[in-house]
Amino acid sequence: MTTFKTFLRIVQKNLWVIIMYTVMLVLFSIVNSSTGKGQMDFTASKPSVAIVDHDNSKLSAALTEYVKKNADVQEVSEEGDAISDALYYSDIDYVIYLEKGFSDKISNGEDFELEVKSNDSYGSYLAETIVSRFIKIAKSYAPAKEAGIAIRTNNLLENETKAELNTTLDTSGLHNAEFYYDFMNYSILAGLVFAISYATIGFRRRIVKKRLNVSSTSYKKINQDLMLCNFALAAVMLLIYTVLGLFVIGPSVVFTINGLLMMLNSVILTIFAVSFAFLLTNLVEKNDALMAIINVISIGSSFLCGVFVPMQWLPDFVVFIAHALPSFYYVDNNRIFASLEKFDGEHLMPVLVNTGILIAFTVVVIILNNIVSKKKQKE
Amino acid sequence: MKHLFYNFKITFKNVELIFWTFAFPIILVTLFYAAFSNISAADDFVAPKVAVIENENSMLVPVYKQIFEKVDALNVSYETDFESAKTKLESEEIAGIATFDDGMEYPKLTIEQNGINQTIIQNIMTEIELSIRSGSEFDEVKIKNTYDRKQEVSMIEYFTLLAMACLYGAMIGTKSLDKNLANMTASGKRIAVAAVSKTKIVLGSLLTSYITQLIGLTILFVYMLAVLKIDFGEHLVGVIGLTMLGALAGLALGTFISAIFKVKDSIKDGITTGFTMLCCFFSGMMGPTVKFAIDSSFPLLNKVNPAALLTDGYYALTNFGVGERFWSDVILLVLFSGVLSFVSIKVLRRQKYDNL
Amino acid sequence: MTKKVIEVKGLTKKYKELTAVDHLSFNVKKGEILGLLGPNGSGKSTTINCILSLLKFNEGEIRIFDQEMKPDALDIKREIGVIFQDVAVFEELTVEENINYFCGLYVKDKKECQECVDDAIELVGLSDFRTFLPKKLSGGLLRRLNIACGIAHKPKLIFLDEPTVAVDPQSRNNILDGIKKLRDNGATIVYTTHYMEEVEILCDRVIILDHGKIIAEGTTDKLKDLAKIKEKITVETRNLTPETEKKIESLKDVVSEKYNDEVLVINFNDTKKNLAEIVNLLEKDGIKYERIYSERPTLNDVFLELTGKDLRD
């Protein structure tokens, strides 16, 4: 009980660290789910387009309407660097400038060049297809009155290849969940590990350890108590993250089988993190060194294992190195869960393999911990 | 002079400090480099795979086949069995299945998710359908792209990293100053009763800190330019100048933390790293979209965030050159440093304490 | 008339409701070693910090070398050396570098500074440890380094705040000898400690503080005279009977007696033939004893009498 109380007191003093990483987690997820794009994720299906219409004609209106059906049309200010910034950050993929006289030129069958700003992404490729399709068709009806062209173009464009979804999954919702749980890797490895090791390291200081060794409670029991404290803290944090997830991702996603599997995945990672934190406190004596190591590991593994940069965009040699890190298997599981529909042996096998490896990492850490502890006891 | 030398010796013998200011940024930038080295190639276009289910009774299959031969943007394969195609679809081997009903029915597409590949397939199929319906080939539209992307968006990460390295210099400032404060360390007490002007001592330690920071940043810069070959464009001098200003901001931050927070050494370090990490998060280190989102929705936040000011300064400089935006960032940074320094001086000038 | 080096008039320092120093007034004469005694929390360190202009105080006037003491009075500070209770050295610098650093804050001339450093190292006996880092030094050696850093610039006024805490006997003797040498070289010293033995060896005059007030002041002999108790007799005996104890208690000149754990302590307010009287009484009653001895009261006894507390509380 006294160990527990002391542990809690130390944790309370460092609550700000946990709060900080939690805030980052929530903000990161909110930003990503609201923009619909993740970090440097180029896989949004609807391109983001802005239309600067100086023509204000029926044809330009028709074009705008058509683009709106197939893309996310956004308002953008022409002032300053707003457009350049939006293109740079891929908030907008494509900007279309409809200069005065645009519809006249089309009506008259005149040659003209469409001015655009494109950031050469997948999205801009799509946007260009959409816009040039409309103009191509419109041009083919010239010469004719502008209004007539607009109507005929729209009619033809009603025909679109129909697409049917083979899946019943809420892929976009699960995508958001995937981001949330992926970023949790960073929050757990940085925030939780720091909080735990900082509180535990106080019990490991040489002077304190001496005092504990001569007390009437065995050091083994104190160690066990500490372990329990660590797991208790981890459980609380995980609970908080899960509850926050309900607000950020939505209960309709969290309580699906896929969502629950991601949650379970995070529990396994947390168990690893706690064991790892425990090992750290046995190896490191100073707080400064602790913070340095935790920062390097949390940021490093988050970058290399596809948390901040999607796995598919990482170079092969990085992915190869990432296989040596537990976060890799955690993130890979999330990726699978985001689109898993069949829960049979064949489809679950890769998940089981990943989970097995993650558990193996945990076991190795625990064994190392025991070895190091015993060695230190002897000293 | 002698005391400057001793100050340097004391600073450089502090292993953790040297790690945070010298080694950590280099480790991080190497990680970034590893993660982003493929990013431009990642956006390269790869034709999505679509499977067409053969149907002898469809009139349009041969028409489409002919057109598909000319289309580079799709990778078309032909199957006879829908079910086996569906398995490939679920395992993501292919991105879509095109099925033709009997007669003159236009094809339907079956997809597994609403991703970019699916949209591309749908787009191209629609194009083909429209051109068949209208019975003619369309003229290409002439398009002029006036946007010149000077750099990949991943450069933001390097900018935030430089900002982080500048702000971490706060730790050097904190530690150096603490040794001279009577209410922080025993040696500080000794210095307080010594026959020497406190201003001189404090300025001396700040100068040492600043020079140490600059050394660390120089090493980082050289590494980024020479080893990782990161391109900062034609305004390298401006980038260096902005970095020196950033180091000053870091120093001001460290002085402020030292003067205001009467807590243990390790907690001060915690405050510095925590605050810096949070600032870097908002300036896009864990994903540039965060910076853009904050700039759009809560611009005021990033106007008081030194990391964001630095990042935006680098961005403005390398994309638009020396202009209004760049100067606005510089002025705000100077203000930030100035305000913090002013408050710190007011507190530090206190020569007597209420309690020690 | 002996010059006053320090003049403190009506010094008062309050921390919210607590009055740490209460209208304190005293002087320190040139060339004397003044001992500042008192239990923890009596205001010793606070008083010194106020005199050194480190702490703000609510009322009072402080003059050193006949000038008002201020934080920027650099010419006064030049002549002051301070050895704080906490070891104030840089972990990253060697013994010599540490002394050099702090001496350099007072002595600008390089050559003169080096001479001072060498003298200081000699004085505290650290010649064999010049190139050692502080973490390699034992507690006692570290304290010696602490002292060297404070006096290297040969100050005329020296403050020592409990310099011998947790120090081995050899180092302690070394330190006390060093302090005597400093006084012999003309320094005025203000010395705070818990150890009365040191006070009795070193100090010319003693001030005893309690709750921020002076409760006694004077030479050690004068203070002992203040006490009611003039002689203390200790008897180690296993078989003291209550009757004999009562007889002893009722003897003339006995102030108090206590029998605890086979040790009998008797306090007398006079020094006339007490020992003989006790020996006779014990032999008459057939009380056997292992040891019996007489001693003069210590400062601790004086303090106990004046406050009901031990100096080491």
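Reader: What makes you say that chain A and chain C do not touch?

Author: In this predicted model, the nearest C-alpha atoms of chain A and chain C are 16 Å apart. A contact requires C-beta atoms within 7 Å, and chains A and C do not touch.

Reader: Which chains share the most contacts?

Author: There are 2 pairs of chains in contact, and of these chains A and B share the most contacts. On one side stand 72 residues of chain A, on the other 71 residues of chain B. On the side of chain A that touches chain B, α2 (15–35), α4 (82–88), β4 (113–118), α6 (122–140), β5 and α13 (287–304) each give two or more residues. The largest share, 12 residues, comes from α6(A).

Reader: How do the residues on the side of chain A that touches chain B divide into nonpolar, polar and charged?

Author: That side of chain A has 35 nonpolar, 21 polar and 16 charged residues.

Reader: How do you know that β4(A) is joined to a strand of chain B?

Author: Two strands pair when there are at least two bridges between them. β4(A) and β5 (residues 142–145) of chain B have 4 bridges and run parallel, so they meet that definition. Opposite A:Glu115 stands B:Lys144, and opposite A:Glu113 stands B:Lys142. Within chain A, β4(A) also pairs with strand β3 (residues 94–98), in the antiparallel sense and over 4 bridges. There, A:Tyr94 has A:Ser118 as its bridge partner.

Reader: What joins β5(A) to chain B?

Author: β5(A) runs parallel to strand β4 (residues 108–111) of chain B, and 4 bridges join them. A:Lys162 stands opposite B:Lys108 in this pairing.

Reader: Which strands form the open sheet, and in what order?

Author: The order is β5(A)-β4(B)-β3(B)-β1(B)-β2(B), 5 strands with mixed pairing.

Reader: Why are β5 of chain A and β2 of chain B said to stand at the edges?

Author: β5 (162–165) of chain A and β2 (75–79) of chain B each have a single partner strand, so one side of each lacks a neighbour in the sheet. Neighbouring strands here are turned by 30° against each other on average, with direction ignored. Helix α6 (residues 116–134) of chain B packs on this sheet, touching β5 of chain A as well as β1 (49–53), β3 (96–99) and β4 of chain B. The direction of that helix makes about 175° with that of β4(B).

Reader: Why is A:Leu189 called buried?

Author: A residue is buried if 20 or more other C-beta atoms lie within 10 Å of its own. A:Leu189 has 29, so A:Leu189 is buried. A:Leu189 is found in helix α8 (residues 171–201) of chain A. Apart from neighbours within four places in sequence, A:Leu189 is in contact with A:Ala273, A:Ile297, A:Ser298 and A:Ser301. A:Ala273 is 84 residues apart from A:Leu189 along the chain, yet their C-alpha atoms are separated by 6.3 Å.

Reader: What makes α15(A) largely enclosed by the rest of the structure?

Author: Of its 12 residues, 10 are buried, so α15(A) is largely enclosed. Among the buried residues are A:Pro326, A:Phe328, A:Tyr329, A:Tyr330 and A:Phe337.

Reader: How do you know that the span of helix α15 (residues 326–337) of chain A agrees with what it should be?

Author: At 1.5 Å a residue, the 12 residues should span 16 Å. The end C-alpha atoms of α15(A) are 17 Å apart, which agrees.

Key. Residues are numbered from 1 along each chain as its sequence is written. Chains are lettered from A and ligands numbered from 1 in the order in which they are written. This is a predicted model: local features need pLDDT of at least 70, side-chain atom pairs count only at pLDDT 80 or more; totals for chains, interfaces and linings use all residues. Axes are lines fitted to C-alpha atoms, for helices over the stretch in contact, and angles run from 0 to 180 degrees between N-to-C directions. Ala, Val, Leu, Ile, Met, Phe, Trp, Tyr, Cys and Pro count as nonpolar, Asp, Glu, Lys and Arg as charged, and the others, Gly among them, as polar. The expected span of a helix is 1.5 Å times one less than its number of residues.
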